[in-house]
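Hi there,

Here is the structure I said I would pass on. Have a look at it first, and then read my notes below.

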Amino acid sequence: MKAAPLRFGGLLVNYLCNMRCGHCIYASSPHREREYITPETARRALRRIRELGCRRIHIAGGEPFLQPERLLEVLRIKGVKVVLISTDGMVPRDLRNAADRFVDLNELRPALEKVDGQPQP
């Protein structure tokens, strides 16, 4: 019997977080290592995710937006649609302008998808 392909997968990009939530399944916190997934490791993981049948993923971590440039590197990898980026929504004072680093998200629009499955306009 052949298993059905997976429809949805996830990619954990880091463990560092600006919060320390007791319910966090990854035990992320401000005290965790600052390492972020490398583009090559992300490519290998996403290749495997595609091989398993996934075409849509969520990105999680600690807090993926603590290193916006690294997050953009992951988002630029082709082959899967990102439907969710888990975030604690709390931006530390020194990162309040981090959104400025994402000014050209239009180039990423094809890789992003609304939760309802419809492409972004």
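Before the notes, one term: a residue is buried when its relative accessible area is under 20%, exposed when over 50%, and partly exposed in between, using a 1.4 Å probe and protein chains only. Please also keep in mind that this is a predicted model, where local features need pLDDT of at least 70, side-chain atom pairs count only at pLDDT 80 or more, and totals for chains, interfaces and linings use all residues. Residues are numbered from 1 along each chain as its sequence is written, and side-chain values use heavy atoms, with hydrogens and water left out.

**The whole chain**

The protein chain has 121 residues, and 32% of them are buried. Its secondary structure consists of two helices and three strands, in the order β-α-β-α-β from the N terminus. Helices (H or I, at least four residues) and strands (E, at least two) are DSSP runs, numbered from the N terminus.

Take the contacts in the chain with a separation of 6 or more: 72% of them come from residues 24 or more positions apart. As for surface, the chain exposes about 8000 Å², with 55% supplied by carbon and sulfur atoms. Those areas come from the Shrake-Rupley method with a 1.4 Å probe, and for residues only the protein chains shown count as cover.

**The largest pocket**

How much space lies in the largest pocket? About 220 Å³. It has 15 lining residues, and Cys17, His23, Cys24, Gly61 and Gly62 are the closest to its centre. Sorted by class, the lining has seven nonpolar, six polar and two charged residues.

A pocket is found on a 1 Å grid over the protein atoms alone: it is an open set of points where a 1.4 Å probe fits, with protein on both sides within 12 Å along at least five of seven lines, and lining residues have an atom within 4 Å of a point. The volume is the space filled by probe spheres set on the points, which are joined across faces, edges and corners. For the classes, Ala, Val, Leu, Ile, Met, Phe, Trp, Tyr, Cys and Pro count as nonpolar, Asp, Glu, Lys and Arg as charged, and the others, Gly among them, as polar.

Ser28 sits in the loop between strand 1 (8-12) and helix 1 (39-51). Why is Ser28 counted as buried? Because its relative accessibility is 3%. A polar atom of its side chain lies 3.1 Å from the backbone oxygen of Tyr15, and one lies 3.3 Å from the backbone nitrogen of Gly62. Such polar contacts are pairs of N or O atoms within 3.5 Å; within protein, one must be able to donate a hydrogen and the other to accept it, and residues adjacent in sequence count only if both atoms are side-chain atoms. Beyond its neighbours within four places in sequence, Ser28 is in contact with Tyr15, Cys17, Met19, Arg20, Gly61 and Gly62.

Asn14 is in that loop between strand 1 and helix 1 too, and it counts as buried because its relative accessibility is 2%. Its side chain reaches the backbone oxygen of Glu63 at 3.2 Å. Asn14 and Ile37 are 23 residues apart along the chain, yet 6.3 Å separates their C-alpha atoms.

Val13 also lies between strand 1 and helix 1 and is buried, at 3% relative accessibility. Not counting residues up to four places away, Val13 touches several residues, including Ile59, Ala60, Pro64 and Val74.

Next to look at is Ala27, whose phi is near 55 degrees, a positive value in a residue other than glycine. Most residues other than glycine have a negative phi.

**One more loop**

Leu52 lies between helix 1 and strand 2 (56-60) and is partly exposed, at 36%. Leu52 and Pro5 are 47 residues apart in sequence and 5.9 Å apart in space, C-alpha to C-alpha.

Cheers

Definitions and conventions. Contact = heavy atoms within 4.5 Å.
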